[in-house]
Amino acid sequence: MEANRGQNGIQQLLAAEQDAQHIVNAARNAKMARLKQAKEEAEKEIAEYRVQVEYEFKKKVAESSGYSGANVKRLETETDAKINHLKNEAARISHDVVQMLLKNVTTVRN
């Protein structure tokens with residue numbers, strides 16, 4: 001009878017070990033499935049974020065290039081105004097500068 005109980009105990013241990021192995025395998029498979037699902041979700045979120053960032057980038061590029069014509073026109077106007085101002089100032093003081101140069105060139109110092 002003790003041999004039966006010993007044999008029975010071994011059978012129970014083997015069955016328990018197999019059950020434990022099935023539980024471990026099921027847990028491992030569940031973990032792998034969850035990791036795969038998490039990876040897929042992350043890739044989906046990354047793709048959505050990438051689309052959003054590209055859209056915003058293209059929008060900003062379009063906005064900045066749309067205004068570049070106006071910026072160029074404004075800069076040309078400002079540049080022309082500054083050039084005209086410099087020409088007027090040069091014309092206004094050129095006679096005085098020529099007189100000063102003539103005076104310094106023709107004056108002899110010892």
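Biologist: Why is E40 called partly exposed?

Modeller: E40 has a relative accessible area of 46%. Buried means under 20%, exposed means over 50%, and partly exposed is in between, using a 1.4 Å probe and protein chains only. The value 46% falls in between, so E40 is partly exposed.

Biologist: What should I know about the model itself?

Modeller: It is a predicted model, where local features need pLDDT of at least 70, side-chain atom pairs count only at pLDDT 80 or more, and totals for chains, interfaces and linings use all residues. Residues are numbered from 1 along each chain as its sequence is written, and side-chain values use heavy atoms, leaving out hydrogens and water.

Biologist: Where does E40 lie?

Modeller: E40 lies in helix α1. Helices are DSSP runs of H or I with at least four residues, strands are runs of E with at least two, and both are numbered from the N terminus. Helix α1 covers residues 2-106.

Biologist: What makes the negative surface patch?

Modeller: E40, E41, E43, E45 and E48 form it. Patch residues have over 30% relative accessible area and no salt bridge; like charges are joined within 9 Å, and nonpolar side chains (Val, Leu, Ile, Met, Phe, Trp, Tyr) within 5 Å. Asp and Glu count as negative, Lys and Arg as positive, while His and the chain ends are not counted.

Biologist: Which residues make the nonpolar surface patch?

Modeller: I93, V97, M100 and L101 make it, with about 340 Å². L101 is in helix α1. L101 has 49% relative accessibility, so it counts as partly exposed.

Biologist: How many salt bridges does a search of the whole structure find?

Modeller: Two. A salt bridge is a side-chain nitrogen of Lys or Arg within 4 Å of a carboxyl oxygen of Asp or Glu.

Biologist: What makes R74 and E78 a salt bridge?

Modeller: Their closest N and O atoms are 3.0 Å apart. That is within 4 Å, so the pair counts. R74 and E78 are four residues apart in helix α1, about one turn of the helix.

Biologist: Which residues meet in the 2.7 Å salt bridge?

Modeller: The side chains of E89 and R92 do. These two are three residues apart in helix α1, so about one helical turn separates E89 and R92. R92 has a relative accessible area of 55%, so R92 is exposed. E89, at 30%, is partly exposed.

Biologist: Which residues does the "coiled-coil region" annotation cover?

Modeller: The unreviewed UniProt entry gives residues 25-52. Such annotations may be inferred rather than shown by experiment. In the model, residues 25-52 are 100% helix and 0% strand. The end C-alpha atoms of that stretch are 40 Å apart.

How values were computed: Accessible areas come from the Shrake-Rupley method with a 1.4 Å probe; for residues, only the protein chains shown count as cover. The place of a charge is taken as NZ of Lys, CZ of Arg, CG of Asp or CD of Glu.
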